[in-house]
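I opened this model to look up its fold and its charged pairs. My entries follow in the order in which I made them.

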Amino acid sequence: MTDRPITAGERFADVGDWGSSRGVNGSAGPNLWRTLGFRRTGWEPGGSTVEWDATVDYGFTTLGGPVIQGGLVTAILDSAMGGACFTTLDRDELFLTADLRVEFFRPTRPGTLRAVGTVLRRTRKVVFCAAELYDADGTTLAASRCTQVLMAV
């Protein structure tokens, strides 16, 4: 069976609304993104790129130098995959993460990080996504996959 190509859902047109959604206490922007300083730098049907200037404040010290905490590495990968999934949704759909896996290939050091998320396959009820995390030199630091379950609003 051949998969259908990934196409934009109705929510792809809502990218501006998503970026200005309200967080805690009515503050602008998605709360996690605003708190950590994530920024969307790419957006296409089935794809999303998120960047973050990770500082030493988000990690810990090792003998080899500072390392960004793995949960925060997971957060940026999850944000890129969530954004990719969002682009395929219609306005009467939302998603919840059913499964999330991360592989850490090498330590993530402070600096500009780029997570590229893609939709691998979408069915009526499930979206399979993947993401990779890169440093400023383009070195792959980590990779992730997730399963998103679709629900009606």
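**Entry 1: Glu51**

I looked up Glu51 first: at 19% relative accessibility, Glu51 counts as buried, where buried means under 20% relative accessible area, exposed over 50% and partly exposed in between, with a 1.4 Å probe and protein chains only. I note here that this is a predicted model, in which local features need pLDDT of at least 70 and side-chain atom pairs count only at pLDDT 80 or more, while totals for chains, interfaces and linings use all residues. Residues are numbered from 1 along each chain as its sequence is written, and side-chain values use heavy atoms, with hydrogens and water left out.

Glu51 is found in strand β2. I take helices (H or I, at least four residues) and strands (E, at least two) as DSSP runs, numbered from the N terminus. Which residues is Glu51 in contact with, leaving aside its neighbours within four places in sequence? I found Gly37, Phe38, Arg39, Thr41, Ile76, Thr112, Leu113 and Arg114; contact means heavy atoms within 4.5 Å.

**Entry 2: the network of salt bridges**

I counted a salt bridge where a side-chain nitrogen of Lys or Arg lies within 4 Å of a carboxyl oxygen of Asp or Glu. The structure holds 4 of them. One joins the side chains of Glu51 and Arg39, at 3.7 Å from N to O. Glu51 lies in strand β2 and Arg39 in strand β1, so this pair ties together parts that are 12 residues apart in sequence.

Arg39 also meets the side chain of Asp53 in a salt bridge, at 3.2 Å from N to O. Here too the pair ties strand β1 to strand β2, since Arg39 lies in β1 and Asp53 in β2, and the parts are 14 residues apart in sequence. Arg39 counts as partly exposed at 30% relative accessibility, and Asp53 counts as partly exposed at 38%.

**Entry 3: Glu93 and Arg122**

I then looked up Glu93, which forms a salt bridge with Arg122, the closest N and O atoms being 2.6 Å apart. This pair links distant parts of the chain, with Glu93 in strand β5 and Arg122 in strand β6, 29 residues apart. Is Glu93 buried or exposed? Glu93 is buried, with a relative accessible area of 12%. Arg122, at 23% relative accessibility, counts as partly exposed.

**Entry 4: the sheet and the helix across it**

I listed 3 helices and 8 strands in the protein chain. From the N terminus on, the elements run α-α-β-β-β-β-α-β-β-β-β.

What is the order of the strands in the open sheet? I read β1-β2-β6-β7-β8-β5, 6 strands with antiparallel pairing; two strands pair if DSSP finds at least two bridges between them. The edge strands are β1 (39–44) and β5, each of which pairs on one side only. The twist averages 20 degrees from one strand to the next.

I checked β5 against β8: 11 bridges join these antiparallel strands. Within this pairing, Phe95 has Leu150 in β8 as its bridge partner.

Helix α3 (residues 70–86) lies across β1, β2 (47–54), β5, β6 (111–122), β7 (126–134) and β8, and runs at about 140 degrees to β5. Axes are lines fitted to C-alpha atoms, for helices over the stretch in contact, and angles run from 0 to 180 degrees between N-to-C directions.

**Entry 5: the hairpin**

I turned to β3 and β4, which form a hairpin with 2 residues between them. Strand β3 (residues 59–62) and strand β4 (residues 65–68) run antiparallel and are joined by 4 bridges. Thr62 has Gly65 in β4 as its bridge partner.

**Entry 6: surface and totals**

I found a nonpolar surface patch of about 420 Å², made by Leu94, Leu96, Val149, Met151 and Val153. Patches are made of residues with over 30% relative accessible area and no salt bridge; like charges are joined within 9 Å, nonpolar side chains (Val, Leu, Ile, Met, Phe, Trp, Tyr) within 5 Å. β5 (93–104) and β8 (140–152) each supply at least two residues of the nonpolar patch. Leu96 is found in strand β5 and is partly exposed, with a relative accessible area of 48%.

The protein chain exposes about 8200 Å², of which carbon and sulfur atoms supply 53%; accessible areas come from the Shrake-Rupley method with a 1.4 Å probe, and for residues only the protein chains shown count as cover. Buried residues make up 39% of the 153 residues in the protein chain.
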